[in-house]
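Welcome, and please load the model in your viewer. We will walk through it stop by stop, selecting as we go.

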Amino acid sequence: MVSLASRQRSRTIRQWAAMGMLASLASPAAMSVPAWADPYPTRTVTIVTPFAAGSQTDAAARLVGQYLQDALGHAFVIENKPGANGLIAASAVARAQPDGYTLLLTTNSTHSAVALYKNVPYDPIKDFAPIARIGNFPSFVAVNLDVPVTSMAELVARAKANPGQLTYGAGNSTGYVVGETIKKRTGTDIVRVSYRSNPFAMSDLIAGHIQMMIPDMTTGMPQVKAQKIRPLAVLTKERSPLLPDTPTLDETVMPGFESLAWAGMFAPANTPPEIVSAIAEAVHKMLTNPEVRERFDGPGIQVVWTGPQEFSAFVKNELVKWTATIKEAGIEPE
């Protein structure tokens, strides 16, 4: 037998349904849908990258931008903002509107190596919403062809015999930190020359204005193939398939050493999580496409994908690791 309370409850529900209220109560999320709930994107999206055209970060950004444009149906344009090892670009994105229309495709330079500087105009953790890690950027030690060395041992010996006479170019934080770590661990005096991006340093290495640098594969491999520079060692623990005859630093003058730059995408903090998820899912789909992976492999980018939560934890861990490495190298904040 139906109770009076049950009959009253049923009558109330029928009244709510007639008034159009039942759907709202049955779906609380529907009551909180914000004004931006239109399909994303509805206009051009800008991907800011902290290094110059021709750099490995720029190459990755253009591949990602082209795919997202095709997948999501609106233009994704790349804006290069080189300078200050990425601080300029990262600061600009940190201050941008958190609406998903200004993104950052960057590396450890802006989010791990901030201990290089006394004043950083943003918080690498609090001011950004991690979207996805997209890959690793392996690098190697290279010298100008006129430098009469063919191994790291010979380079170290020459540097010790000529303190302060050799120079190395640093166009990103990886080059800077690894260069100073080499000096610290081998007891050598090699003068650092700073550049806004690796392509500029590479031009001077080929011309002989500097004797050494640590280029990424995108910047360096075309010059190795053209026999314009000489590779001496890779930074990873394992030899690179792109340079199979080149030993690692671990094998040569720095046992136990490894350094691997990473790349990923961020939005400004407080970007709606639905937008972050939409971009992350599109990037994930892109990186599982064999043709896309092949295009990344070409310039030496190791494809790695992690989503927002895992990438967030990774960024925090890398910040601790790079801070310790910078301290070990004896680098004073500038």
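Helices (H or I, at least four residues) and strands (E, at least two residues) are DSSP runs, numbered from the N terminus. The model is predicted, with local features needing pLDDT of at least 70, side-chain atom pairs counting only at pLDDT 80 or more, and totals for chains, interfaces and linings using all residues. Residues are numbered from 1 along each chain as its sequence is written, and side-chain values use heavy atoms, with hydrogens and water left out.

**Stop 1: the sheet**

Start with the open five-stranded sheet, whose order is β7-β6-β8-β5-β9 with mixed pairing; two strands pair if DSSP finds at least two bridges between them. Colour β7 (191–194) and β9 (229–234): they stand at the edges with a single partner strand each, so one side of each has no neighbour in the sheet. Next select β6 (residues 167–170) and β8 (residues 212–213), parallel strands joined by two bridges. Here Tyr168 stands opposite Met212 in β8.

**Stop 2: helices on the sheet**

Show helix α7 (residues 152–161), which lies across β5 (140–144), β8 and β9 and runs at about 105° to β9. Contact means heavy atoms within 4.5 Å; axes are lines fitted to C-alpha atoms, for helices over the stretch in contact, and angles run from 0 to 180 degrees between N-to-C directions.

**Stop 3: the pockets**

On a 1 Å grid over the protein atoms alone, a pocket is an open set of points with protein on both sides within 12 Å along at least five of seven lines, a cavity is a set where a 1.4 Å probe fits but cannot get out, and lining residues have an atom within 4 Å of a point. Points are joined across faces, edges and corners, and a volume is the space filled by probe spheres set on them.

Select Glu258, Ser259, Leu260, Lys321 and Trp322, which lie nearest the centre of the largest pocket among its 18 lining residues. This pocket holds about 290 Å³ of space, and α13 gives the largest share of its lining, six residues.

For the second largest pocket, about 220 Å³ in volume, select Pro138, Ser240, Pro241, Gly300 and Gln302, nearest its centre.

**Stop 4: the cavity**

Which residues lie nearest the centre of the largest cavity? Select Thr57, Thr107, Phe137, Asn172 and Asp216, among 16 lining residues. About 120 Å³ of space lies in this cavity.
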